[in-house]
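Notebook open, viewer open. I want to go through this one piece by piece and jot down what I look up.

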Amino acid sequence: MKCIKCGAENSSGSVYCKNCRDMLQQGYKTCKNGHNYEAGLTDCPFCPSADMTLSGAKTMVEGGVDDRDKTIVDISAPRLTPAGSMPQPGNADKTMIYAPAAKAEQAPVAGIRKLVGWLVTYDISPAGNDFKLYVGRHKIGRNPSCDILIQQPGISDEHAVLLYRDEKFILQDMLSTNGTFVNDEAIDDKLVLKNDDIIKIGNIKLKLKII
C-alpha cells in the first residue's frame, strides 16, 4: 500500500508507513499505476478501462461534437456580383468576382476645355510652331495675358480674338493697328473660318487645322 503522505510503498496489512511513520489509511488499496482507491472496488476508478471510459465519461469522437467546432470547406462555385454592387454582410469572407463596368460616355470634366484644333505657322521658327485651340475664346497678341502669345513686330498687344462655339470658329479683329487678314483679305467684322484657312496678323501666317 502507498502512503498518501510521503508516497512510500508499504506491504499489505501495514498500519504505519515505514518511511514517515504516519498511520496508513485502512480499507484502501493501490493499483499498478500508483492510485489509492477503496478496497471494495474491483478496478481502479482512476485508470482507463477497456471500453475507453475515464471516471464514467466516454471519450467523444468527431461525430458527437458540435458542428460549429469543425473546419468548414466551401466547395460551392464563386458567385458573380453585378458591377457597382457591394458585397452583402453574409458574404464578407468570400472573394467576390466583379464584371467589368460598361464604358461610360466621356463627359466634359469641369474646368477642362476640349481640344478642337490648332494654329500652325512656320514664320516664327523654321521647325514650326503650333498653338492648341480649345472650346471658348482665345486672345491673340503680344501681351503676356494673351492665350496665343506672338511677340513679333506689327502685332498689337491684343490683336484679334478667335472663338470656338457651336462647332464653329469665329475670328474678330480687335481694332489692331495693322488689321487681321484671312486668305489675304482683310476682315472688318466677325468671320466664320473653315479648315485650312490662313490667318495673317502682322507678318505671321497661321494655318487653321480643325479636328
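Predicted model: local features only at pLDDT ≥ 70, side-chain atom pairs only at ≥ 80, totals over all residues.

Below are my entries, from the whole chain down to single side chains.

**Entry 1: the chain overall**

I looked up the secondary structure and got zero helices and 17 strands. For burial, I find that 26% of the 211 residues count as buried. The chain exposes about 15500 Å², with carbon and sulfur atoms supplying 53% of that area. I also checked contact range: among contacts with a separation of 6 or more, 24% are between residues 24 or more positions apart.

**Entry 2: the six-stranded sheet**

I traced an open sheet of six strands, in the order β8-β7-β17-β16-β13-β14, with antiparallel pairing. Its edge strands are β8 and β14 (185–186), and each of them pairs on one side only.

Then I went through some of the pairings. β16 and β17 run antiparallel and are joined by four bridges. Isoleucine 201 sits opposite isoleucine 204 of β17. Two residues lie between the strands of this hairpin, and glycine 202 there takes a positive phi near 60°. On its other pairing, β16 meets β13 in the antiparallel sense over three bridges. Phenylalanine 181 has lysine 200 of β16 as its bridge partner.

Which residues of β16 are on the covered face, and which on the uncovered one? I get Ile199 and Ile201 on the covered face, with Ile198 and Lys200 on the uncovered one.

**Entry 3: the five-stranded sheet**

There is also an open sheet of five strands, ordered β10-β9-β11-β12-β15, and here the pairing is mixed. β10 (148–149) and β15 (191–192) are the edges; each has a single partner strand, so one side of each has no neighbour in the sheet. I followed β11 and β12, which run antiparallel with six bridges between them. Leucine 162 is paired there with leucine 171 in β12.

I stopped at arginine 137, which is in strand β9 (residues 136–141). I have arginine 137 down as partly exposed, because its relative accessibility is 49% and the exposed class needs over 50%.

**Entry 4: the core**

Next I looked up the largest nonpolar core, which has 21 residues. Leu119 and Ile150 have the most contacts inside this core. The elements giving two or more residues to the core are β7 (115–121), β8 (129–134), β11 (160–165), β12 (168–173), β16 (198–201) and β17 (204–210). Leaving out residues up to four places away, the contact list of isoleucine 150 includes Phe131, Ile155, Ile201, Ile204 and Leu206.

**Entry 5: threonine 180**

Buried or exposed? Threonine 180 comes out at 1% relative accessibility, so I call it buried. This residue is in strand β13 (residues 180–182). Its side chain makes a polar contact of 2.5 Å with that of aspartate 173. Outside four places in sequence, I list among its contacts His159, Leu171, Glu185, Ile187, Ile199 and Ile201.

**Entry 6: salt bridges**

How many salt bridges are there? I count three.

- Lysine 139 with glutamate 158, at 3.4 Å, N to O. Lysine 139 is in β9 and glutamate 158 is in the loop between β10 and β11, so this pair ties together parts 19 residues apart in sequence. Glutamate 158 is partly exposed at 34%.
- Lysine 209 with aspartate 196, at 2.6 Å, N to O. Here β17 is tied to the loop between β15 and β16, parts that are 13 residues apart in sequence. Both ends are partly exposed: 32% relative accessible area for lysine 209, and 35% for aspartate 196.
- Lysine 194 with aspartate 197, at 3.7 Å, N to O. Lysine 194 is exposed at 55%, whereas aspartate 197 is buried at 5%.

Methods: Residues numbered from 1 in each chain as written. Heavy atoms only, no water. Core = buried A, V, L, I, M, F, W, Y, C linked by side-chain atoms within 4.5 Å. Buried < 20%, exposed > 50% of the residue type's maximum accessible area, 1.4 Å probe, protein only. Contact = heavy atoms within 4.5 Å. Polar contact = N/O pair within 3.5 Å; in protein donor to acceptor, adjacent residues only side chain to side chain. Pairing = 2+ DSSP bridges. Areas by Shrake-Rupley, 256 points an atom, 1.4 Å probe, with all protein chains shown as cover. Salt bridge = Lys/Arg side-chain N within 4 Å of Asp/Glu carboxyl O.
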